[in-house]
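Here is a briefing on one protein chain. Look over the sequence and the fold, then read on.

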Amino acid sequence: MSAYKNELEIPGVLPLLTVRDVVIFTDMFLPLFIGREVSVAAVEAAQEADRLVFIAAQKDQTRDDPGPDDIYQVGTVAMIMRHLKMPDGRLKILARGLAKARRTAVAARDPYFRVNLEPLVEWPAPEPSVELEALMRNVREQSQKILSLKEVLTDEVVAILDSVDDPGRLADLVTSNLRVKVETAQKVLEAVDPLARLRLVNEFLGQELKVATMQAKLDSEAREEMDKSQREYYLREQLRAIKRELGEENAKDDEITDYQDKIKKAHLPKEVSTEAMKQLARLEWTHPDAAESSLIRTYLDWILDLPWSVSTRDHLDLVEAKKVLDVDHYNLEKVKDRILEYLAVRKLHKRQKGPIICFVGPPGVGKTSLGQSIARAMGRKFVRFSLGGMRDEAEIRGHRRTYIGALPGRIIQGLKTAGANNPVFMLDEVDKIGADFRGDPAAALLEVLDPEQNSAFSDHYLNLPFDLSRVMFITTANLLDPIPQALEDRMEVIHLSGYTAEEKVTIAKRHLVPRLVSDHGLNRNQLVFTDTALKGLIASYTQEAGLRGLDKKLAAVCRKVARKVAEGRLGPYRITPASLPKFLGPPEILPEPERAEGQVGVATGLAWTEFGGELMYVEVRTMAGKGNLTLTGQLGEVMKESAQAALSYARSRAEELGLTQAFYEDLDIHIHIPAGAVPKEGPSAGVSLMAALISVLTDRPVPRDMAMTGEITLRGQIMPIGGLKEKSLAALRAGIKKIIIPRQNLKDLEDIPPLIRGRLEFIDVDNMDQFLKTVFGAIGPQARRRLRRPRTRPVPARGRRRSWTRSA
């Protein structure tokens, strides 16, 4: 059967009107707005002729100037029923579809498309059958369901659907009244078999019904939610009215509203904001006088006061940062280089995690003030608290909110005080943390000081993650020994040794004296310290690695001058070495009389303590006896073992030393280290014990300007020690010129400033033969041994614990 059959006389050539998102069917009325120039020209040409136009849909709806290939070939011949020109030049028309047609060619393109057409005639309607009736009923029912879900189903629509008996017309009617895609509607338009067209409509109606059902479900849920919100609003308004009558409304409602505004403006992380709103909802339903109400308020205040998203901007100008560090601190180049390296990395990598630095050194060397200078150089806030004596883990992690008076830990409190989430955070005295039944604060610090974990630090009070990865943590300590190994591994340790006398003079002139003069209400013209006065004050009134004692003595001078000025004696006052006793009294540190010359049985050792390096003297005396060895001076087990090793070595080398094999059988040997109230421990006293013992046995003095440090073995080897820089500073302060060190410690000389190395002679030895030759020269059988009466030698006690070696 042919698909073409002339039922309506269609002109061979008609103007083409292209539409974007609609397909017009026969017997369908369609209002259209015409805006494109080519379309306006086509409509006006049709109006001047027989008002017939060929309407076809374009394939790509986004194109403004479709060509013939962009337009479907099958369309509908329509008649323009109404025509209205709008003020903006557009046209509004009402078109009625008359018949389907196919475009065969394009007759003209300018000023509008004129196309050649041939009619597209439908096949005749099929004979009535059970399948056809079922298909038509199914199409009607699905159409009614869809329209019902969209709430546009009316009795008139039902009547129209029931009145259509032609399957092709029913398919066209349903397609034209449902919003379907252009591609689907075009397939229906091009189908000339009514039964096939109805099947096609039935298929997309099934899919459309599923979509409409889901859409209706979503609309229903949204409507229910809206109804619920409206209901809650209505109930809240009623509740507010009741509270207004009871006089309970204004204060609490204003408080809730205020909290809501603060939470919205705080830019909190999602998890934090959710918890804050949850607690606010609890507060809203809690009676104002209930105890829980105040707990919730305090918790919300803490959340809102913390700098979750507030940061200070780093100053990444390395030149300016170096100037700040140089102004605040003299020397300390290693520390300054480390800070400048961090700033350089931050300048290149904006999301660099904050370092964990630990300053280790004696008191008064500037560890805490360094943290303040670092914060100033970086443009960050500075927070500090001391860990000394801390025994409660809750001081770090906070208390759980179940306890009365619970508060966050000191870390969170410090961040609140700083008002920024990237401050310089100094934890002082990390080596003095305690532990008891309340927990171990050092273990709690493991999370805080671990860059891989502290990005989600959870305080027990907040129970919310806070990012600490942007914080620059700096810890300070006098000793590394008490710090747990796991905690030490998380920190970058930088050692700060003591200062030389020259460095102390420079620091006093640049920093200490100007500050103290100003603090005591004086001006720089009223009080002047000469360089020689400062050197004399350092040598005769202080003996320390740091600057605290010097600061106290300078302050004492300032106080006395301030009193004179207050009494009317305006000065000016010039402090010289001769005037120091007038202000500070007699010198507190006098040269030891033994230092004038070397003495038999006395050796100068070098000790390392938490306060820096110090000199310690080893005294050995022999007397008639039965070979006993006496050790006094509150020596530790390791030092006693060193003394035993020294004696054993001397006995094993008796012949080489010019001693009889049984020299010890009729002698008692007494080894004493002065300052007996101070415990002493460490292996590096071995060489000084050996030197004093050999000195008394061979009756040869140890040079007065020579100090020594090193561990000895029974084989005569000299082992390396620690704390060489601190020990060197102590020797320099005491006027020592030569230091004997183990050969394996030569590498440590790089850590000693050139100024110090240039004023000391370091003699490296590898074994006991080299050591004895360096100290005594030639020792052999010709050397005489004389019994000497025990002699005492006063060495003032420092009142501090001494250690002969740095603990690793």
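Is A645 buried or exposed? A645 counts as buried because its relative accessibility is 15%; buried means under 20% relative accessible area, exposed over 50%, and partly exposed in between, with a 1.4 Å probe and protein chains only. This is a predicted model, in which local features need pLDDT of at least 70 and side-chain atom pairs count only at pLDDT 80 or more, while totals for chains, interfaces and linings use all residues. Residues are numbered from 1 along each chain as its sequence is written, and side-chain values use heavy atoms, with hydrogens and water left out.

**Around A645**

- A645 sits in helix α21, residues 637-652. Helices (H or I, at least four residues) and strands (E, at least two) are DSSP runs, numbered from the N terminus.
- Beyond its neighbours within four places in sequence, A645 is in contact with I712 and L714. Contact means heavy atoms within 4.5 Å.
- The C-alpha atoms of A645 and L714 are 5.9 Å apart in space, yet the two residues are 69 residues apart in sequence.

**The parallel sheet**

- An open sheet is formed by 5 strands, with parallel pairing, in the order β8-β9-β12-β7-β13. Two strands pair if DSSP finds at least two bridges between them.
- The edges are β8 (382-386) and β13 (492-495), and each pairs on one side only.
- From one strand to the next, the twist averages 20°. Axes are lines fitted to C-alpha atoms, for helices over the stretch in contact, and angles run from 0 to 180 degrees between N-to-C directions.
- Helix α14 (residues 410-418) packs on the sheet and touches β8, β9 and β12 (472-477). The direction of α14 makes about 140° with that of β9.

**Strand β9**

- Strand β9 covers residues 424-428 and pairs with β8 in the parallel sense over 5 bridges.
- L427 has T475 in β12 as its bridge partner.
- In a regular strand the side chains alternate between the two faces of the sheet.
- Both faces of β9 are covered. V424, M426 and D428 are buried on one side, and F425 and L427 are buried on the other.
- β9 is largely enclosed by the rest of the structure, because 5 of its 5 residues are buried.

**Salt bridges**

- The count comes to 39 salt bridges. A salt bridge is a side-chain nitrogen of Lys or Arg within 4 Å of a carboxyl oxygen of Asp or Glu.
- D172 and R197 meet in a salt bridge through their side chains, at 3.1 Å from N to O. D172 is in helix α4 (residues 167-177) and R197 is in helix α6, so the pair ties together parts that are 25 residues apart in sequence.
- D172 is buried, with a relative accessible area of 6%. R197 counts as buried at 0% relative accessibility.
- A network of salt bridges links K100, E122, D172 and R197.
- E447 forms a salt bridge with R397, with the closest N and O atoms 2.7 Å apart. E447 lies in helix α15 (residues 441-448) and R397 in helix α13 (residues 394-397), so this pair ties together parts that are 50 residues apart in sequence.
- E447 counts as buried at 14% relative accessibility, and R397 counts as buried at 16%.
- R490 forms a salt bridge with D450, the closest N and O atoms lying 3.5 Å apart. This pair links distant parts of the chain, 40 residues apart. R490 is in the loop between α16 (485-489) and β13, and D450 is in the loop between α15 and β10 (457-458).
- R490 counts as partly exposed at 26% relative accessibility, whereas D450 counts as buried at 12%.

**Nonpolar surface**

- L239, I242 and W285 make a nonpolar surface patch of about 330 Å². Patches are made of residues with over 30% relative accessible area and no salt bridge; like charges are joined within 9 Å, and nonpolar side chains (Val, Leu, Ile, Met, Phe, Trp, Tyr) within 5 Å.
- Accessible areas come from the Shrake-Rupley method with a 1.4 Å probe; for residues, only the protein chains shown count as cover.
- I242 is found in helix α6, residues 194-246.
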